[in-house]
Structure formats: structure tokens, C-alpha cells
Amino acid sequence: MNTQAQYLKAIYLTQQQEDGPASTGDVADMLDVSPASANEMIGKLENRGLLNHEKYKGVDLTDDGIAQAREALQNYCIIERFLIEVLEVEEFRTEAKQLEGVIDETVADRLDTIIDRKPQCPDCFDPEGDVCGLLEVEAEVTSD
């Protein structure tokens with residue numbers, strides 16, 4: 001199940017890649033959900049004031065939506081880096097995707113003290129590689 005934070009993160013990354021509004025289809029693809037499910041959650045997020053959705057044009061995050069998306073992305077980077085750098089989990093991407101919806105801000109902050117997050121986070125995230133750009137093992141892991 002994808003959480004609000006995962007949707008906001010996906011929309012944020014899609015907007016960065018497209019340099020404009022995110023299509024609901026691209027968001028659905030990124031989260032591996034049906035377009036109907038994506039539309040339903042997008043409607044909920046719009047009602048919460050986190051995004052604006054214009055039919056046939058796409059989705060734009062509001063300032064609050066961007067702030068929450070960047071926080072979610074930063075937490076995701078923290079989880080990825082902790083899994084690979086501290087726990088040396090080979091399938092860190094799969095694990096990070098499963099954990100991102102259940103690890104709260106307090107746990108992420110504690111993990112952050114262990115990995116010593118860099119100031120450029122979350123701008124370090126590589127949306128095409130779907131990985132934190134600061135991971136030293138990125139080249140090895142993405143060459144599968």
C-alpha cells in the first residue's frame with residue numbers, strides 16, 4: 001500500500017523529470033498502481049491542499065506538498081543509505097520501498113544521526129536511477 005508520503009514523493013520526482021506537471025499515468029507507473037488508484041489518491045491530496053490537479057494537464061504540488069514531498073524523499077534517502085552503508089543490505093532498494101511507509105519521522109531522525117546525512121539531501125536523489133546519489137555503491141548496484 002502506498003502512503004501519502006510515497007505519492008507526494010512520486011509526484012515531486014515526476015515533476016522534476018518532466019520539468020512541469022506530473023501526469024497521473026506517470027505517477028501510477030512510478031508507484032506500480034492502477035491509474036484509477038492514482039487518481040483516487042490525487043483527489044484526496046488535492047482536498048488536503050497538497051496539490052492542484054487539472055484534468056488533461058497534470059498535477060502540480062503546492063508549497064505544502066513540496067515541503068512534505070522533500071521530507072519524504074529525505075527520509076527515503078536516509079533509509080537507503082542506512083540499509084546499504086550500515087546494514088550492508090544488497091537488496092536495499094526493495095527494502096527501502098517497503099520501509100518508507102512505516103518508518104516515522106522520529107526513527108528517520110535517529111537513523112540520520114548514524115549515517116551523517118549530507119547537506120545536499122534530498123537534492124542528491126537521482127530520480128532516473130531511483131537511488132540516493134550519495135551512495136558510494138551506486139555504480140555497482142545499478143549495473144545489474
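**Close-up 1. Gly-58 and the residues it touches.** In this predicted model, Gly-58 touches Pro-21, Ala-22, Asn-52 and His-53, with residues up to four places away in sequence not counted. Contact here means heavy atoms within 4.5 Å. Gly-58 is found in strand 2. Helices are DSSP runs of H or I with at least four residues, strands are runs of E with at least two, and both are numbered from the N terminus. The relative accessible area of Gly-58 is 11%, so the residue is buried. The classes are buried for under 20% relative accessible area, exposed for over 50% and partly exposed in between, with a 1.4 Å probe and protein chains only. The C-alpha atoms of Gly-58 and Thr-24 are 6.5 Å apart in space, while the two residues are 34 residues apart in sequence.

Residues are numbered from 1 along each chain as its sequence is written. Local features need pLDDT of at least 70 and side-chain atom pairs count only at pLDDT 80 or more, while totals for chains, interfaces and linings use all residues; side-chain values use heavy atoms, with hydrogens and water left out.

**Close-up 2. Asp-60 and its contacts.** Asp-60 is also found in strand 2. Its relative accessibility is 32%, and therefore Asp-60 counts as partly exposed. Which residues is Asp-60 in contact with, leaving aside its neighbours within four places in sequence? They are Gln-15, Gly-20, Pro-21, Leu-51 and Asn-52. From C-alpha to C-alpha, Asp-60 and Pro-21 are 5.2 Å apart, and in sequence they are 39 residues apart.

**Close-up 3. Tyr-56 in the loop between strands 1 and 2.** The loop that holds Tyr-56 lies between strand 1 (51-54) and strand 2 (58-61). Tyr-56 is a residue other than glycine with a positive phi, near 70 degrees. Its relative accessible area is 79%, so Tyr-56 is exposed.

**Close-up 4. Asp-19 in the loop between helices 1 and 2.** Asp-19 has its place between helix 1 (4-18) and helix 2 (24-31). Although Asp-19 is not a glycine, its phi is positive, at about 55 degrees. Is Asp-19 buried or exposed? Asp-19 is exposed, because its relative accessible area is 73%.

**Close-up 5. The aromatic pair.** One aromatic pair is found in a search of the whole structure. The ring centres of Tyr-76 and Phe-125 are 5.9 Å apart and the planes stand at 70 degrees, so the pair is edge-to-face. Rings of Phe, Tyr and Trp (its six-membered ring) pair if their centres lie within 6.5 Å; planes under 30 degrees apart count as stacked, over 60 as edge-to-face and the rest as tilted. Tyr-76 belongs to helix 4 (residues 63-86) and Phe-125 to strand 3 (residues 125-126), and the pair links distant parts of the chain, 49 residues apart. Both Tyr-76 and Phe-125 are buried.

**Setting of the close-ups. The whole protein.** The secondary structure comes to seven helices and four strands, in the order α-α-α-β-β-α-α-α-β-β-α along the sequence. Taken along the principal axes, the C-alpha atoms fill a box of roughly 45 × 35 × 25 Å. Of the 144 residues in the protein, 40% are buried. Among contacts between residues at least 6 apart in sequence, 61% join residues at least 24 apart.
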